[in-house]
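Try each task before you read its solution.

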Amino acid sequence: MDVVFLIGRLLFVAVFIGSGVMFHFMQYRQATQYAQMYSVPLAGPGVLLTGALAVVGGAMIALGLWGDLGALLIVAFLLLVTSFMHRFWKETDPQQWQLQLTNFQKNNGLLGGALVIFYVWNQLQGEAGLSLTDPLFGRW
C-alpha cells in the first residue's frame, strides 16, 4: 500500500509543481500580466509567492519531506489563487463565468484533497510509507 500512497501523492502534486515551474516562474511576465487583469494586488510578488508555495509544497508531498507542512503550503496556494483568480461571481460574460466557476470548483476539490493529505499524514505519525521524514506536526 505504500506504493499506492506514493503514486497518489505524485499524481496529486504534478499539477502544482508543473504550473509553478512552467507558468509562475518560466512565464513570470505573462503570469503577472494575467494576475493584473484580475486586479490582484502586488501581482508580480504574488505570482512568485504562489509559485513558490506550489513548487515547494508539491515537492515536500512528493518526497515525503514533512508532507503535512507541504499539504498546508498547497492549501495556502489554493486559497490565494482561488480567491483572487477565480471570482466567477464577478464575471458578466457567460463563457467567462462558466470557466471561472469550473476553475473555482476544481480548486475547491483540490483544496479538499490537500486537507485530506494533511490529515492522513498527521494521523499516521511516521507510518506514511515511502516518506523521507515523519510529519512536522504532532497528532491533532
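**Exercise 1. Describe how α1 packs on α4.**

Step 1. Start with the axes, which are lines fitted to C-alpha atoms, for helices over the stretch in contact. The α1 and α4 axes lie 12 Å apart, at an angle of about 60°. Angles run from 0 to 180 degrees between N-to-C directions.

Step 2. Classify the angle. Under 35 degrees counts as roughly parallel, over 145 as roughly antiparallel, 65 to 115 as roughly perpendicular and the rest as oblique. So α1 is oblique to α4.

Step 3. List the contacts (heavy atoms within 4.5 Å). Phe12, Phe16 and His24 of α1 meet Ile74, Phe77 and Leu78 of α4.

Step 4. Sort these residues. Ala, Val, Leu, Ile, Met, Phe, Trp, Tyr, Cys and Pro count as nonpolar, Asp, Glu, Lys and Arg as charged, and the others, Gly among them, as polar. The contact of α1 with α4 has five nonpolar, one polar and no charged residues.

The model is predicted: local features need pLDDT of at least 70, side-chain atom pairs count only at pLDDT 80 or more, and totals for chains, interfaces and linings use all residues. Residues are numbered from 1 along each chain as its sequence is written, and side-chain values use heavy atoms, leaving out hydrogens and water.

**Exercise 2. Describe how α3 packs on α4.**

Step 1. Locate the helices, which are DSSP runs (H or I, at least four residues) numbered from the N terminus. Helix α3 spans residues 43-63, and helix α4 spans residues 67-85.

Step 2. Read the geometry. The axes of α3 and α4 come within 8 Å and cross at roughly 150°. Therefore α3 is roughly antiparallel to α4.

Step 3. Check the handedness. The crossing of α3 past α4 is left-handed.

Step 4. Sort the contact of α3 with α4. The classes are 14 nonpolar, five polar and no charged residues.

**Exercise 3. Describe how α1 packs on α5.**

Step 1. Read the geometry. The axes of α1 and α5 come within 12 Å and cross at roughly 140°. So α1 is oblique to α5.

Step 2. Check the handedness. α1 passes α5 in a left-handed crossing.

Step 3. List the contacts. Phe5, Arg9, Phe12 and Phe16 of α1 meet residues of α5, including Leu110, Ile117 and Trp121.

Step 4. Sort them. The contact of α1 with α5 has eight nonpolar, one polar and one charged residues.

Methods
Helix = DSSP H or I, 4+ residues; strand = E, 2+ residues; numbered from the N terminus. Left-handed = near helix turned anticlockwise from the far one by under 90°.
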